[in-house]
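I opened the notebook to look into this model, chain by chain and then across the contact between chains. The entries below keep to what I looked up.

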Amino acid sequence: MYYLWVFLIGGFICMLGQVLIIYTNITSARILVTFVIIGVLLQAFGIFDPISEFARAGINVPIIGFGASLAKGAISGVQSKGLLGAFTGGLEATAGGIVAAIFFAFVFSLIFKSKTKS
Amino acid sequence: MDKMMEEKKRNEAYAKYVQAKIPKTKAWPSLFNSFLVGGIICCIGQGINDLILLWFPNMAEQSAWAYTLIVLIFIASFLTGIGVYDKIGKFAGGGSIVPITGFSNSITSPALEFKHEGVIYGICVKMFTIAGPVIVVGVVASFLVGVVYLFI
């Protein structure tokens, strides 16, 4: 049953991205940046976790979740290591996704040929 | 004077021509498509997460999410490589950009496109044209949040 919530909330967030595209003509880089900032802010004000409780993948899969775990890492880093945690926490928490994205992009761009150029 | 008038007229005509040529995204269908595809991608993510927790019941929730995102990133990167993700993107618009799969696509796509400029200057440099700003802004913002939490 919670898949319905996942679908509705995830779909709604993605639709907000489309609204931005239609009414402001912004590029995909700006959309991603905007949503990452939203995620950081939601986490900073402690709103993310209550939403995540029932939205699950609906808010963790959109790039908002990436921003939120950056902020979450920085916050818990500060709480356990002090100032050093602010430097190390954010990327520590998101390292898995960043490394995966870079590694797979590198491998697949070596293997495959660009479809737009041919 | 005449020449200027003529030029102005020509520019206006050209601007009109360009306006007519710009592909119009019809608002309502594209909103629906982005909702549909975005929702489906999130449901796939939830499915992967549930499967991981089913197979490894002792895994911490946070690790399960990390694996889920890694799997989604892998799928999106692969689909970008074989040229399928771009087709989804044409249909879905924001629905394919906002999920983490869009982040993965934004790294693989330019890497693939500029492959012909070499491994270092093509793949490695161009990889970050879109992901670079995202990571920079995210890191800066989360660092600031961490510093604020240091004082409260």
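**Entry 1, confidence.** I noted at the start that this is a predicted model. For the complex the predictor gives an ipTM of 0.94 and a pTM of 0.89.

I looked up the secondary structure of chain A and found six helices and zero strands, whereas chain B comes to eight helices and zero strands. I then turned to the extent of chain B and saw that its radius of gyration is 22 Å, well over the 15 Å that the globule rule gives for 152 residues, so chain B is more spread out than a compact globule. Along the principal axes, the C-alpha atoms of chain B fill a box of roughly 80 × 40 × 40 Å, and those of chain A fill one of roughly 50 × 35 × 35 Å. I recorded 42% of the 152 residues of chain B as buried, and 53% of the 118 residues of chain A. Among contacts between residues at least 6 apart in sequence, 58% in chain B join residues at least 24 apart, and in chain A the share is 62%.

I asked how many residues of chain B are in contact with chain A. There are 62 of them, and they meet 65 residues of chain A. On the side of chain B that touches chain A, α2 (27-55), α3 (61-81), α5 (94-97), α6 (100-113) and α8 (128-151) each supply at least two residues. The largest share of that side, 16 residues, comes from α8(B). By residue type, I recorded the side of chain B that touches chain A as 39 nonpolar, 21 polar and two charged.

I followed α8(B) next, which has 24 residues and reaches 34 Å from its first C-alpha to its last, close to the 34 Å expected at 1.5 Å a residue. Its buried residues include B:Ile130, B:Val134, B:Gly138, B:Ala141 and B:Val145. What covers the buried residues of α8(B) includes α2 (28-44), α5 and α6 (83-111) of chain A, together with α6 of chain B.

I looked up A:Ile63 and, leaving aside neighbours within four places in sequence, found it in contact with residues of chain A, among them A:Leu32, A:Phe35 and A:Val36, and with residues of chain B, including B:Val98, B:Ile100 and B:Phe103.

B:Ile100 is found in helix α6 of chain B, and I counted it as buried because it has 27 C-beta neighbours inside 10 Å. Not counting residues up to four places away in sequence, B:Ile100 touches A:Val61, A:Ile63, A:Phe66, A:Gly97, B:Leu69, B:Leu72 and B:Ile73. The C-alpha atoms of B:Ile100 and B:Ile73 are separated by 6.8 Å, although the two are 27 residues apart along the chain. B:Thr108 also lies in helix α6 of chain B, and with 30 C-beta neighbours inside 10 Å it counts as buried. Under the exclusion of residues up to four places away in sequence, B:Thr108 touches A:Phe104, A:Ala105, A:Phe108, A:Ser109, B:Ser77, B:Thr80 and B:Gly81.

I checked A:Asn25, which has a phi near 55°, a positive value in a residue other than glycine, and which lies in the loop between α1 (2-24) and α2 of chain A. Is A:Asn25 buried or exposed? I recorded A:Asn25 as exposed, because 10 other C-beta atoms lie within 10 Å. The phi of A:Arg56 is near 45°, likewise positive in a residue other than glycine, and its place is in the loop between α3 (48-55) and α4 (57-60) of chain A. A:Arg56 is buried, with 23 other C-beta atoms within 10 Å.

Methods:
Residues numbered from 1 in each chain as written. Chains lettered and ligands numbered in written order. Predicted model: local features only at pLDDT ≥ 70, side-chain atom pairs only at ≥ 80, totals over all residues. Contact = placed C-beta atoms within 7 Å. Helix = DSSP H or I, 4+ residues; strand = E, 2+ residues; numbered from the N terminus. Nonpolar A, V, L, I, M, F, W, Y, C, P; charged D, E, K, R; others polar. Buried ≥ 20, exposed ≤ 12 C-beta atoms within 10 Å, placed from the backbone. Rg over C-alpha atoms; globule rule 2.2 N^0.38 Å. Expected span 1.5 Å × (residues − 1).
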